[in-house]
Amino acid sequence: MKLSVVIPAYNEQDSISETLLSLYQTLAREGIEHEIFVTNDNSKDNTLQVLERLSLQIPTLHYETNLGPNGFGYAVRYGLERFSGDCVAVMMADLSDDPEDLVRYYYKMRETDADAVFGSRWMKGGKVIDYPGLKKFINRIANLIIRMMIGIKYNDTTNAFKLYKRETIEGIKPFLSPHFNLTVELPLKAYVRGYSFVVMPNSWTNRKYGESKLKIKEMGSRYFFILLYCMIEKFFSRGDFMKKKSAKTASVSR
């Protein structure tokens with residue numbers, strides 16, 4: 001099962017090297033067939049030059065520049081339209097996600113044949129390092145609201161670091177979110193459309209370099225829009241977008 005890793009990068013010249021080298025070394029050590037797909041989101045610093053240099057060291061690295069429209073959601077979507085693997089993970093370029101967690105995601109998907117693997121920083125075994133207090137408070141309130149309104153038994157929907165089968169990604173298109181609300185759209189649409197998932201603990205570490213691209217006060221209404229969209233689909237679409245059962249699954253269910 002070939003693994004693709006989509007990484008959006010905007011002005012990440014200081015962190016992208018450590019992120020990609022650590023990721024490649026971890027996956028190569030495990031012997032996991034993979035590609036690393038970086039979307040350079042039209043960076044204004046030297047991110048592109050760093051990627052050019054890293055491509056000489058990392059044989060599985062593929063990068064392209066998204067000339068526009070730009071934004072976190074657009075950058076991730078750019079990669080999700082172009083990855084080549086049988087499954088795909090979304091990871092950050094700022095060292096916040098741990099490649100060791102990705103390895104555990106990958107093996108869990110192979111073991112369970114789940115359509116997706118979701119990480120939780122807030123379950124037993126999960127951890128956060130240097131998580132800003134206000135951001136944590138808003139995060140927990142937002143996830144509580146999502147759980148209550150959608151009915152999903154999962155406490156970290158806003159966590160971007162997840163793994164999806166190719167069939168799952170194809171089944172939850174088209175994507176609507178141009179910004180960070182894509183992190184909510186992907187798992188909620190997978191859940192609403194009947195794709196299976198398993199939850200595993202993961203860790204999160206605050207970035208060492210630069211500043212966060214997430215502007216909380218700009219995102220509230222956008223997160224709410226996606227939440228309402230998924231609610232409408234769940235309660236009023238009459239199953240029109242649900243996952244189609246395979247012949248194997250159908251025969252078992254009969």
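Residues are numbered from 1 along each chain as its sequence is written, and side-chain values use heavy atoms, with hydrogens and water left out. Because the model is predicted, local features need pLDDT of at least 70 and side-chain atom pairs count only at pLDDT 80 or more, while totals for chains, interfaces and linings use all residues.

Helices (H or I, at least four residues) and strands (E, at least two) are DSSP runs, numbered from the N terminus. Seven strands form an open sheet with mixed pairing, in the order β3-β2-β1-β4-β7-β5-β8; two strands pair if DSSP finds at least two bridges between them. The edges are taken by β3 (61-65) and β8 (197-201), each of which has a single partner strand, so one side of each is left without a neighbour in the sheet. On average, neighbouring strands of this sheet are turned by 20° against each other, direction ignored.

Val 38 has Tyr 63 in β3 as its bridge partner. Elsewhere in the sheet, β4 and β7 run antiparallel, with 3 bridges between them, and Ala 89 is bridged to Leu 163 in β7. Strand β5 (residues 116-120) is also joined to β7 by 3 bridges and runs antiparallel to β7; here Phe 118 stands opposite Lys 162. Strand β7 (residues 162-165) is covered on both faces, with Lys 162 and Tyr 164 buried on one side and Leu 163 and Lys 165 buried on the other. Buried means under 20% relative accessible area, exposed over 50%, and partly exposed in between (1.4 Å probe, protein chains only).

Helix α3 lies across β1, β2, β3 and β4 (87-90) and runs at about 150° to β1. Axes are lines fitted to C-alpha atoms, for helices over the stretch in contact, and angles run from 0 to 180 degrees between N-to-C directions. Of the 9 residues of α3, 8 are buried. These buried residues pack against β1, β2, β3, β4, α6 (166-171) and α7, where contact means heavy atoms within 4.5 Å.

The axes of α3 (residues 72-80) and α7 (residues 182-192) come within 9 Å and cross at roughly 50°. The two helices are therefore oblique to each other (angles under 35 degrees count as roughly parallel, over 145 as roughly antiparallel, 65 to 115 as roughly perpendicular and the rest as oblique). Phe 72, Gly 73, Val 76, Arg 77 and Leu 80 of α3 meet Leu 182, Thr 183 and Leu 186 of α7.

A search of the whole structure finds 11 aromatic pairs. Rings of Phe, Tyr and Trp (its six-membered ring) pair if their centres lie within 6.5 Å; planes under 30 degrees apart count as stacked, over 60 as edge-to-face and the rest as tilted. The ring centres of Trp 122 and Tyr 131 are 5.5 Å apart and the planes stand at 75°, so this pair is edge-to-face. Tyr 131 is buried, at a relative accessible area of 12%. One aromatic cluster is formed by Phe 118, Tyr 154, Tyr 164, Tyr 191 and Phe 197.

Thr 205 is found in strand β9 (residues 203-205) and is partly exposed, at 26% relative accessibility. Leaving aside its neighbours within four places in sequence, Thr 205 is in contact with Leu 95, Ser 96 and Ile 129.
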